[in-house]
Amino acid sequence: GGEEVFIGNIEPEHRARQNSHPGHTFVAYNEDDEFIKHFRVSADIGEEETFYITSDTHPSNHRVHLSFVNSLTSIVSLVSVHRETGENISVVDSFLPGDTRKEFAHSGQIFIA
């Protein structure tokens with residue numbers, strides 16, 4: 001499964017430190033649990049990197065449109081992984097071969113077929 005670290009609420013003008021690794025993605029949400037921005041670690045091991053959250057609202061262009069196509073010869077299910085609980089949330093129970101499913105998502109959202 002995926003790796004998830006919950007840092008918690010960061011008060012305005014405050015900082016939070018977190019050990020991580022190159023390629024790790026952090027996702028910021030506001031108090032209404034709306035996506036704000038994602039950050040991908042590009043620093044090498046032993047280096048430090050700083051990310052700035054400059055807004056507490058997410059612009060509508062942070063949502064992305066996805067198209068899933070079942071190119072298998074069998075029926076599959078499609079789930080989304082809840083970012084805090086790790087719970088699988090059903091998106092499509094019976095995704096038929098050759099079918100296409102369009103979904104809205106946010107950057108960093110995880111889907112499993």
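Modeller: Ser 80 stands opposite Ile 89 in strand 5. This is a predicted model, where local features need pLDDT of at least 70, side-chain atom pairs count only at pLDDT 80 or more, and totals for chains, interfaces and linings use all residues. Residues are numbered from 1 along each chain as its sequence is written, and side-chain values use heavy atoms, with hydrogens and water left out.

Colleague: How many bridges join strand 4 to strand 5?

Modeller: Five, and the two strands run antiparallel. Strands are DSSP runs (E, at least two residues), numbered from the N terminus. Two of them pair if DSSP finds at least two bridges between them.

Colleague: What sits between strand 4 and strand 5?

Modeller: Six residues, in a hairpin. Gly 86 in the turn has a positive phi of about 75°.

Colleague: And which residue is the bridge partner of Val 79 in strand 7?

Modeller: Ile 112. Strand 4 and strand 7 are antiparallel, with three bridges.

Colleague: New topic. Where is Glu 103 found, and is Glu 103 buried or exposed?

Modeller: Glu 103 is in strand 6. Glu 103 counts as buried because its relative accessibility is 18%; the cut-offs are under 20% relative accessible area for buried, over 50% for exposed and partly exposed in between (1.4 Å probe, protein chains only).

Colleague: What does the side chain of Glu 103 make a polar contact with?

Modeller: The side chain of Arg 101, at 2.6 Å. A polar contact is a pair of N or O atoms within 3.5 Å; within protein, one must be able to donate a hydrogen and the other to accept it, and residues adjacent in sequence count only if both atoms are side-chain atoms.

Methods. Helices (H or I, at least four residues) and strands (E, at least two) are DSSP runs, numbered from the N terminus.
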